[in-house]
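Welcome! Here is a friendly briefing to read alongside the model. Please take a look at the sequence and the structure first.

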Amino acid sequence: MKNKRLIAVIALILIYLTGTFIYETIKDQPPVEGNRTDDKKVVGVLQFVSHPALDEIYRGIKDGLKESGLEEGRNLEINFQNGQADQSKLATMSQQLVQNNPDVLVGIATPAAQAIANTTKDIPLVLGAVTDPVGAGLVQSLEAPGGNITGVSDQPPVEAQIQLATELLPKAKTVGILYASSEDNSRYQVSQAEEAAKAKGLTPVKYAVPSTNEIAQTVQVMSQSVDFIYVPLDNTIANAMQTVIKEANKADIPVIPSVDTMVEQGGLATIGINQYELGVQTGKMAAALANGKEPATTPVYVFDKGDIIVNEKQAELLGITIPESIKQDAKVLTEIKEEEQ
């Protein structure tokens, strides 16, 4: 009987020692690649509103993160919020993203970036598609941002866009500049567009709208007195681009936008930055900051060239002939992308 008890005690001790050995062995083994949790990065993303240009930027951001070694489901968690152009939502969502204590934050478009900047001065913030970071009060300078913010500017080549318009529309004399009065980034471009138009002998006329509700009526009024419409990088107008095109087409008025996706929606042509590539660059910068790079000394990235995009289908609709000298260097679209209304 005593021998049986002794054997049972020894067996229990052996089981305990074996279990302890196995546990310690497993604990000391390096984690299998793809299942790591100790080095997972958390990225908070706030997008101002849904429209094709900003949606493309977000798609690019995810791919830029992946190219930098951060992939959802492996070592990356993305917390995404979309304010849908509601300022109160942007403020609330910014607080929610900050409370999650991410490694880095991303603001897609100026209002979203400003909302995050007003919420935290500590967590690194990457600007995605902010036209004038200095004028928006987000950085001290493009070369030395200072603070916790840097990013990617989507500043378009406004002068080159106006030049392209004059080549496509040589008889044009008046350009109507359509923008939202509520957007800081738009006012900066409007000033640039005015100067560029005057330099080309055009008469610029500004048309500011407070919200999307006034866009249709404003375009109807513009169409009576301008030869073409210029649209800067403006999220409010971009969100209603189909309305702009619909009303402008009724009067055969061409629209020269600042973004490639707006040309796809019926704009005549532009020289623009590819929005997806802009997003990729933003994602790469977000990855760098998440891994410890200092935003204060990381220059804001500015694209030094753009692509010519021409919508041949829209040109045919308006009876406009695209010069071969432009077509040979351009990305030519042969259809108009229809969006659900």
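In which loop is Ala129 found? Ala129 sits in the loop between strand S4 (125–128) and strand S5 (149–153). Helices (H or I, at least four residues) and strands (E, at least two) are DSSP runs, numbered from the N terminus.

This is a predicted model, where local features need pLDDT of at least 70 and side-chain atom pairs count only at pLDDT 80 or more, while totals for chains, interfaces and linings use all residues. Residues are numbered from 1 along each chain as its sequence is written, and side-chain values use heavy atoms, with hydrogens and water left out.

**Two residues with positive phi**

- Ala129 has a phi near 65°, a positive value in a residue other than glycine.
- With a relative accessible area of 6%, Ala129 is buried; buried means under 20% relative accessible area, exposed over 50%, and partly exposed in between (1.4 Å probe, protein chains only).
- Asp252 is not a glycine either, yet has a positive phi of about 55°.
- Asp252 belongs to the loop between H9 and strand S9 (255–256), and its relative accessible area of 49% makes Asp252 partly exposed.

**The nonpolar cores**

- A nonpolar core is a set of buried Ala, Val, Leu, Ile, Met, Phe, Trp, Tyr and Cys residues joined through side-chain atoms within 4.5 Å.
- The largest such core has 46 residues, and the members touching the most others are Leu46, Leu65, Val106, Ile108, Leu127 and Leu138.
- Helix H11 (residues 275–290) gives the most to this core, contributing six residues.
- Another core, of 28 residues, lies apart from the largest one and has Ala196, Phe228, Leu268 and Ile326 among its members.
- Val106 touches several residues beyond four places away in sequence, including Val43, Leu46, Ile61, Ile116, Leu125, Thr282 and Ala286; contact means heavy atoms within 4.5 Å.

**Helices H3 and H4**

- The axes of helix H3 (residues 87–99) and helix H4 (residues 110–117) come within 9 Å and cross at roughly 45°. Axes are lines fitted to C-alpha atoms, for helices over the stretch in contact, and angles run from 0 to 180 degrees between N-to-C directions.
- H3 and H4 are therefore oblique to each other. Angles under 35 degrees count as roughly parallel, over 145 as roughly antiparallel, 65 to 115 as roughly perpendicular, and the rest as oblique.
- H3 passes H4 in a right-handed crossing; a crossing is right-handed if the near helix is turned clockwise from the far one by less than a right angle, and left-handed if anticlockwise.
- On the H3 side, Gln87, Leu90, Ala91 and Ser94 meet Pro111, Ala112, Ala115 and Ile116 of H4.
- This contact of H3 with H4 has six nonpolar, two polar and no charged residues. Ala, Val, Leu, Ile, Met, Phe, Trp, Tyr, Cys and Pro count as nonpolar, Asp, Glu, Lys and Arg as charged, and the others, Gly among them, as polar.
- H4 is mostly covered, with eight of its eight residues buried.

**Helices H7 and H9**

- Helix H7 (residues 215–222) packs with H9 at an angle of about 30°, their axes being 9 Å apart, and the two are therefore roughly parallel.
- The crossing of H7 and H9 is right-handed.
- Ile215, Ala216, Val219 and Gln220 of H7 make this contact with Thr243, Val244, Glu247 and Ala248 of H9.
- Glu247, found in helix H9 (residues 241–250), counts as buried at 9% relative accessibility.
- Apart from neighbours within four places in sequence, Glu247 is in contact with Ala216, Val219, Gln220 and Ser223.

**A loop residue and a strand residue**

- Val49 has its place in the loop between strand S1 (41–47) and helix H2 (52–67), and counts as buried at 2% relative accessibility.
- Beyond its neighbours within four places in sequence, Val49 is in contact with Leu54, Asn82, Gln84, Ala85, Asn235 and Asn239.
- Thr174 lies in strand S6 (residues 174–180) and counts as buried at 17% relative accessibility.
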